[in-house]
Protein chains: 2
Amino acid sequence: MTMKIPNNYKSWIQFVQMSPPCLGNNMADVDRLMSQLQKQLETRSIEINLSIMAALPEIIRKSSFHVRCMLLGYDNHYQLIDVQPADTDCPIYGIAIDLGTTRVVLRLLDILNQQTIDEITMDNPQSFIAPDVLARIHYTDQPGGLKHLQQLIIDAINEKILHLSRNHAISPKDILCMSVAGNTAMTHLFLGFPPHAIIREPYIPVVNKQLLVPAAQLGITINTNAQIFVFPNIGSYFGGDLIAGILSLNMHQQTDIAIMVDVGTNAEVVLGNKDWMLACAGAAGPALESGVSKIGMTAGSGAIERISMERDSFVWQTIDNQKPIGICGSGIIDLASALFQSGMLDIRGKLMPDRCKGRLQWKNDIMHFLVVPKSDSGTGEDLTISQVDIDSLVRSKAAMYTILTTITGAVGMALTDIAVFYVAGTFGAYIDPKSAINIGMIPDLPMDRYQSVGNTSLEGAARVLLSRADAESVSDIYQKITYMELNVNQEFMNRFSAAKFLPHTDMSLFPSVQQPS
Amino acid sequence: MTMKIPNNYKSWIQFVQMSPPCLGNNMADVDRLMSQLQKQLETRSIEINLSIMAALPEIIRKSSFHVRCMLLGYDNHYQLIDVQPADTDCPIYGIAIDLGTTRVVLRLLDILNQQTIDEITMDNPQSFIAPDVLARIHYTDQPGGLKHLQQLIIDAINEKILHLSRNHAISPKDILCMSVAGNTAMTHLFLGFPPHAIIREPYIPVVNKQLLVPAAQLGITINTNAQIFVFPNIGSYFGGDLIAGILSLNMHQQTDIAIMVDVGTNAEVVLGNKDWMLACAGAAGPALESGVSKIGMTAGSGAIERISMERDSFVWQTIDNQKPIGICGSGIIDLASALFQSGMLDIRGKLMPDRCKGRLQWKNDIMHFLVVPKSDSGTGEDLTISQVDIDSLVRSKAAMYTILTTITGAVGMALTDIAVFYVAGTFGAYIDPKSAINIGMIPDLPMDRYQSVGNTSLEGAARVLLSRADAESVSDIYQKITYMELNVNQEFMNRFSAAKFLPHTDMSLFPSVQQPS
């Protein structure tokens, strides 16, 4: 008899060797398995459904009472999903999902061999009904709206699972588990929970705690006994995607104090270590994602993601190396940094006509700065950035810096005490920390303290399926986090005003930033 | 706002008043309800399904955060079944089921008002496929056999529920809970568990522990969130019907030592009090239920249930006052007692020709005793009982007495130490203890220690739905019981031989029994 993997305290897969029953030891089949599993997993709380119970007598008798069990759960409360003879060659797959507002990523996992098999990204099909969270929640106020949005995402996930299954010649019935990490609103829509109260004072989700949901109950077409691990939310504006992120970075296990920042329309920030965690979320302004700028755009083909000044001309890099058609968040930060460093923006973020020379244009009484002349652009028109756009960026960067000083200030820390600064998400993947420091968006830390950490939500979702210890950690993280409301009071406004300068009114906070030449 | 019943620690119905959320107290809806319920029920383990979660925000907001919850469960692990505004006038019904091999009884309960509304008895429809437990288990070895037997009982229960609902103008969706107490085999067939190993050494049920099963999963057509409380078995031959019986008699809470005896094809016996319980089961022989006797029959219209001798003639009483067509268990015991008392049976249980006078007949070389001449019988033929029938009864009564001496002997008690002797089931309802003592079937205790207790299985099933404390007691009882295998060894055989006399070889054990005149 071969065991593919040894029994591992941290694994969801448990091999159980029972003693065969006899007249002096006539415990019932299910009770026999459960008492052994309870010992191995050190918990009394294991659920098992009727169909697994009904199949058990035959399985344990044809396997000499040596079986392989698959479970899922948390808080020492587990659901038994599957029992097979120990020497089965039946695989066990799982699907980890990062449930984004705009994009959804599915990762197919080989649970038995602890490997990623494939990953697939799709647009969240709810976007076509309503692009952002707010619009989607309003849509659920219509009759049938909630059901419609839920069905869209369930159907899309089922379709992608079928696609992944076909591509890798696996059977959906061998997919025994799933995990979902999304923001609070997306999690509600996935589960069919009315999100109405999320966006209305006092901002109350239907449920925050994590859940284990039978896949069949949601109509997810994988194994009929499969369970879905749904990450908890901390509140309306701090969702399971961030808890998954904290898990994937092991912030909850580190002694050093780290901070994780995820920037979209909102900036979500969590600060802490193994002993405590403080979280907050605030509006970061639209400048960083798609925004008000005529040339601002979300990261996509032809977007300038990097831009710098060499001598008096710009050098840029676009996504897919296309002719530039716009500029995304990371590019805007680079641009502002370059303009400030060259003296074309002053410390108030205002364009300096005497330095900008021929690059200034007036349109509708608003000053514009020419970034890419029409000869070089992919649109056939000049790509410009206006003073209004720059003002918007300055407000965004000031908001970000103010959130960072507020959260560290709340625990009596200086920003320089942060040992590791994680920049998560697609924004983190592209941003040049040096540029962001130059404009005073993020603190002036040594570059090696910054880490771009990619899709931590997906990573965390995968980890709860691969490791029982990680799944248990989710409750720890959930309980450890204190959510701090950002009260926009006088002190906050004072900090915000000081942060609206490039990089800051207090230059001593940014010793590495060179004064404009 | 009116509350129909006050919050009661013992009840499955809990009224919960939550504080409304505000900015400083923004716990999610489900978490808010659950934390309050957890406090009231003093447990952390309460499950809630998606559909109840999804409906919660609207319900709590339109009820000023004051709701009525219905739960079910055991071992401090509960399932939330229903949430309504506290001032709802929506009723809550439950169905308690005594799942017998031959007969099934359903009791419709008003959970809110703690009342029985109606009761309905039906033949177990599986009887038409296979009359007894053994034959039914063999039938499940055929392809589709198990599914067929399960569907028969589920369909029949659904039909009777519909019938009860119509008769009382209630909606099946207002039936939120159900309980099922049956012997081990019937419980297996109800749940769709293969009962194959129950009757084969070493006699292993699929599961013994109690279960909470979603009604929808079994296809029981009541509320879609309804749960079914399934009583645990102690083993293959001591089922949930007996645990329910113990519960209904409060044996697990009494200081006095009581014994409960349920007689069918098997005799099931439990002895004990609040500190300990010892159980055993043994073949009681067929004489007492339907049996080998030509006139033996299960209790039914025209069966002699009581018979005595006045002067030299019999006086009988039949079920439904019909002309006699046979004699059921209680009647056979009366008859044997009367024959023994009158000297027509000797102490070995043999018919005495010189005493029986004209009542003896020979058929196929076997001596018969005329009980009812054809002129009085409902069949138009003489109703007789043969020496073979009497021998069979004597073996049954000896087996019963031997089981009783064995179980009391195992704890060093005398039979006379038994404070209360419960005779359960239909057998208990009709048996005349005086007759049973006369033939030495049960011990010679003062008559006031005998109690006929009717359908204790149904009674216990009803109690778990009406009282949380009673439902919790089921685990206590389950854990308290030690099951004793009846080893048919030399000592047992010696006891059995001594008990094959009327009433016993040791007459000092039966001081109240008059010697035959």
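These legends walk through close-up views of a predicted model. Local features need pLDDT of at least 70, side-chain atom pairs count only at pLDDT 80 or more, while totals for chains, interfaces and linings use all residues. Residues are numbered from 1 along each chain as its sequence is written, chains are lettered from A in the order in which they are written, and side-chain values use heavy atoms, leaving out hydrogens and water.

**View 1. Two helices of chain B pack against each other.** Look for helix α4(B), residues 145-167, and helix α5(B), residues 184-191. Helices here are DSSP runs (H or I, at least four residues) and strands are runs of E with at least two, numbered from the N terminus. The axes lie 7 Å apart at an angle of about 90°; each axis is a line fitted to C-alpha atoms over the stretch in contact, and angles run from 0 to 180 degrees between N-to-C directions. That makes α4(B) roughly perpendicular to α5(B), a term for angles of 65 to 115 degrees.

**View 2. Side by side, these residues join α4(B) to α5(B).** From α4(B) come Leu146(B), Leu149(B), Gln150(B), Ile153(B), Ile154(B) and Ile157(B), and they meet Leu189(B), Phe190(B) and Leu191(B) of α5(B). Contact means heavy atoms within 4.5 Å. By class, eight residues are nonpolar, one is polar and none is charged. Ala, Val, Leu, Ile, Met, Phe, Trp, Tyr, Cys and Pro count as nonpolar, Asp, Glu, Lys and Arg as charged, and the others, Gly among them, as polar.

**View 3. Chain A meets chain B.** Each chain brings 39 residues to the contact. About 3000 Å² is buried between them, with carbon and sulfur atoms giving 63%; buried area is the accessible area (1.4 Å probe) that two parts lose on being put together, summed over both. In chain A, Leu23(A), Leu50(A) and Ile204(A) lose the most area to chain B, together 20% of what that side buries. Zero salt bridges are found across this interface (side-chain nitrogen of Lys or Arg within 4 Å of a carboxyl oxygen of Asp or Glu).

Definitions and conventions:
Parallel < 35°, antiparallel > 145°, perpendicular 65-115°, else oblique.
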